[in-house]
Amino acid sequence: MRFAWIDLREVPRQQIQAVVDAAVHARMAGVVSADAELLATLPPTVTRVLMPQAPAAKKTATDKDKDTGDKAAKEPSKETRPATGHDVLLRKFATQDELDALAADHRTGTPVAGFVDVRDDRTLQLSCTGAMALPYTVIHFADPTKIPLEIVLAAAESAEGKLVTVVDGLEEAAIVFDVLERGSDGILFTPRGADDVFALARLLQASTPQLELSTLTVESIRHVGLGDRVCVDTCSHFEEDEGILVGSYSSGFVLCCSETHPLPYMPTRPFRVNAGALHSYTLGPDNRTSYLSEVGSGTALLAVGADGRTRRVVVGRAKLESRPLLEIRTHAEDGRLVSLTVQDDWHVRVLGPGGKVLNVTELQPGDELLGYLATDKRHVGLPIGEFCKEV
């Protein structure tokens, strides 16, 4: 489960109270501060992470203002927590001896986390060791490349502890969560204000749904002549039982198969779905549809498996060409009509129950396909509660 810690140490003084309130309201996993008294005011739903200032540091006027800002936010809750003021103590380590000291504290039951600044191979190796030894390892990567993060993730694959990556914005947070598909367990994020906290909460909640697929029965197929069809080339490798949902009506879709299966005369294209005529709807994330005519480089769609699992895929290219077309008319168990118009060619395929691969030109009335029935009508791709009849 992905999580985020909100770092208050660099938040502008006038925004501290609003950020604290937003972090609590949005149920952020943790809050990091140098002020134990502020942390003590937080409710038990938030992990209080204390990162003391370095003892040798001399406070500047700006630091004093920041402290004043922290203290100005000490009233989010009248109920305070234990006198320690924190749940986890976050300390920097830059040497093996410092890491060993942290690990020793952890073994005695002291709740600790380590912070390491990765700037070279030595500190990268140290961060890998920390990720294996500590319950939380917070890493700041000095360079923008994500290769060091990949190395730490691989090294800590079997570790029980959590890896927390420092990010400098929401865009980087989204990238960090996707590195090596698994991504960082958590992030440390410094918001500019409350709006950033709520935007981060939406990012953390972003997921694709499990769909309940339906069995569709073929009524008829017919040749309808020349038209434009779209091949959707994604930036992902499809599984053999995956494709995308396409339909002539927004109320029903057929699961169109990807080109992961061998074909005569041509190599497989495991990133491609020969999807259908350009007027067709296809389903994307957030329950939003797009016409195939709108799909292009950068568009996000749902890859859907025969068991209803979904994942987000990004389109690298859409290819529009004129081809003979074939209309497939099906009906669902409730009698609902689901129609699909595709290229009239043997190598275009759809999926049936159990992931069975079916060539569209060989379909017969009574054959069963997999599809998805939507309950919403659509306006500009968005669900809307209005009367709409498609024929």
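The following is a working chat about a predicted model of a protein.

Q: To begin, how many helices and strands are there in the protein?
A: The protein has eight helices and 22 strands.

Q: And what share of the residues counts as buried?
A: Of its 391 residues, 48% count as buried.

Q: How much of the contacts comes from residues 24 or more positions apart?
A: Considering contacts with a separation of 6 or more, residues 24 or more positions apart account for 64% of them.

Q: Next, helix packing. At what angle do the axes of α4 and α5 cross?
A: The axes of helix α4 (residues 96–107) and helix α5 (residues 121–133) cross at roughly 5° and come within 10 Å. The crossing angle therefore makes α4 roughly parallel to α5.

Q: Which residues meet there?
A: From α4, the residues are Q96, L99, A103 and H106; they meet L126, T129, G130 and A133 in α5.

Q: And by class, how many are nonpolar, polar or charged?
A: The contact of α4 with α5 has four nonpolar residues, four polar residues and no charged residues.

Q: A change of topic: what is the phi of R27?
A: R27 has a positive phi of about 60°, although R27 is not a glycine. The residue is placed in the loop between α1 (16–25) and β2 (30–33).

Q: Buried or exposed, then, for R27?
A: R27 counts as exposed, because its relative accessibility is 63%.

Q: Now strand β9. Where is L216, and how accessible is it?
A: L216 is found in strand β9. With 0% relative accessibility, L216 counts as buried.

Q: What does L216 touch?
A: Leaving out residues up to four places away in sequence, L216 touches a list that includes F253, V254, A332, V338, L370, G371 and L373. L216 and G371 are 155 residues apart in sequence, yet their C-alpha atoms are 6.3 Å apart in space.

Q: And T217, what is its relative accessible area?
A: T217 has a relative accessible area of 22%, so it is partly exposed. This residue also lies in strand β9, which covers residues 214–234.

Q: Which residues does T217 touch?
A: Not counting residues up to four places away in sequence, T217 touches R329, T330, H331, G366, D367 and E368. The C-alpha atoms of T217 and G366 are 5.5 Å apart, while the two residues are 149 residues apart in sequence.

Q: What about P353: where is its place?
A: P353 is in the loop between β18 (349–352) and β19 (356–359). P353 is partly exposed, with a relative accessible area of 36%.

Q: And which residues is P353 in contact with?
A: Beyond its neighbours within four places in sequence, P353 is in contact with T215, E368, L369 and L370. Its C-alpha atom is separated by 5.7 Å from that of L370, which is 17 residues away along the chain.

Q: Is G352 buried or exposed?
A: G352 counts as buried, because its relative accessibility is 0%. G352 has its place in strand β18. Apart from residues up to four places away in sequence, G352 touches L358, E368, L369 and L370.

Q: Finally, S290: buried or exposed?
A: S290 is buried, since its relative accessible area is 18% and buried means under 20%. S290 is found in strand β14 (residues 288–291). Residues up to four places away in sequence aside, S290 touches S280, Y281, T282 and V295.

Technical notes. Residues numbered from 1 in each chain as written. Predicted model: local features only at pLDDT ≥ 70, side-chain atom pairs only at ≥ 80, totals over all residues. Heavy atoms only, no water. Axes fitted to C-alpha atoms, helices over the stretch in contact; angles between N-to-C directions. Helix = DSSP H or I, 4+ residues; strand = E, 2+ residues; numbered from the N terminus. Parallel < 35°, antiparallel > 145°, perpendicular 65-115°, else oblique. Contact = heavy atoms within 4.5 Å. Nonpolar A, V, L, I, M, F, W, Y, C, P; charged D, E, K, R; others polar. Buried < 20%, exposed > 50% of the residue type's maximum accessible area, 1.4 Å probe, protein only.
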